[in-house]
Amino acid sequence: MSTAVSDPYDNIPAAPTDEDIGKFYDKPEADKKALLNQVFRSLKRAQDLFYHDYTQPPPMPEENDNLIRSIKRTHEYGSVIKKVEEAKKRRENEMLALPTSQPINGTGSVIASAGTPLAITDGTGKLVNQQSSSQKGKLLPLVPLGSNSKSEDNTTRSLLPSKAPMMMKPKWHAPWELYRVISGHTGWVRAVDVEPQNQWFASGGADRIIKIWDLASGQLKLSLTGHISSVRAVKVSPRHPFLFSGGEDKQVKCWDLEYNKVIRHYHGHLSAIQALAVHPSLDILVTCARDSTARVWDMRTKAQVHCFAGHTNTVADVVCQSVDPQVITASHDSTVRLWDLAAGRSMCTLTHHKKSVRALTIHPRLNMFASASPDNIKQWKLPKGEFMQNLSGHNSIINTLSTNDDGVVVSGADNGSLCFWDWRSGFCFQKVQTKPQPGSIESEAGIYASCFDKTGLRFITAEADKTIKMYKPDDSATEETHPIVWRPEIVKRKAY
């Protein structure tokens, strides 16, 4: 018994003929509309089936996309973001105690007639200091408006003239004294840096050798050779067992301190390296050179992240910090530039200096930095680079600046002079003239590099007489034995 197999194409209707089309036009309007609606519904189903790309996921709402991005950012960079926020809060709190750039004085006038003592008014005719019956015939001390008879702050105030700027009384610091001279290099010592554990420090010089010294005893622990020209910069990484060095041979080397060998080279500079800086929280390295550029390197992959171009002459120094602006450079074109690390471009250019800017230093606690030029040492307020004050008096080519937590700034110059400054008041409380070691000529007294140790109680200088000198504060000094020689006077505050 055979069974008939049905053809699957039997149910497909045949194409409409002219007779069917004629019948369609003969139908009433209601039937026509129903038939057309059925055709349009079929067309819509076909479009829904074939027009959309069902292989792609549906578009994500913007709220969900932002949520996923924030989760990824917190997971990958949470620790860095937290550290940056803590640093910002800490610096904002510390900046509240800073003096404003333009001090405000009380306004008033001094009136006197023949044979009468001075009387001070507040500008409305009302006397400020009046004589009491018990003090008749005696002059009361002249006190600025809004202050007590006993001055509670460290400022010297003057009412004549009423708009004269005030000089802040400097904080007392113990004088610094030389306590050790280290000889070992056979050329100018051009760079020095202390490691994070404060056990040893590294130095580099014109003899092409990097030497590691014990900080406590001053004994030589290690010599690293590899550069083929003068070593101009050495920096110890605060988070890795790495030492970075740069020289006049255009080479930037990364030394592994566990094996005392070079493990990476960073190629790209077209001329001699002048300085380098290690970022305190990111795995990047910033170098500057005579090719008028500063280059940002990925520490591990050796890739160049950014090339900061904008200076028109040698970039002499570079410093890094965790908050914006994260990179600051100084150049022989007399400018200081603040750089946006994420965008790779300049945020601000400071053109106040008149001569080459060779040295920079960032305050360890305050959101401020200083730059040094033969005309002046200038203090700036971050993040916008607002000018604060000049540290005037070190009239020489300044090669190095260093700052410790106590607010002591030290500038070292080509002629062998060291000036110790109080950061807040800008007062130079000590000047030292270094002596070249026996056998050196007088012109080899230059100071090329300097740094404080991690406690801020030891100061190290690298000098042209091939020695490293170490200074410490005098422990026996007090304010009575070594008073501040400070003569307040009315000075004309410079606007730049």
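This is a predicted model: local features need pLDDT of at least 70, side-chain atom pairs count only at pLDDT 80 or more; totals for chains, interfaces and linings use all residues.
Which residue in β31 is the bridge partner of cysteine 451? Isoleucine 460.

Residues are numbered from 1 along each chain as its sequence is written, and side-chain values use heavy atoms, without hydrogens or water.

The protein has three helices and 32 strands. Those are DSSP runs, numbered from the N terminus: helices are H or I, at least four residues, and strands are E, at least two.

Back to the pair. β30 and β31 (residues 459–463) run antiparallel, joined by five bridges. Two strands pair if DSSP finds at least two bridges between them. Both strands belong to an open, antiparallel sheet of four, ordered β5-β32-β31-β30. β5 (176–183) and β30 (447–452) stand at the edges with a single partner strand each, so one side of each has no neighbour in the sheet. From one strand to the next, the twist averages 20 degrees. Axes there are lines fitted to C-alpha atoms, with angles from 0 to 180 degrees between N-to-C directions.

Now helix α2, residues 29–50, which holds leucine 35. Leucine 35 counts as partly exposed because its relative accessibility is 35%. The cut-offs: buried is under 20% relative accessible area, exposed is over 50%, partly exposed is in between, using a 1.4 Å probe and protein chains only.

Overall, 42% of the 496 residues count as buried. Contacts, meaning heavy atoms within 4.5 Å, reach along the chain too. Of those with a separation of 6 or more, 47% link residues 24 or more positions apart.
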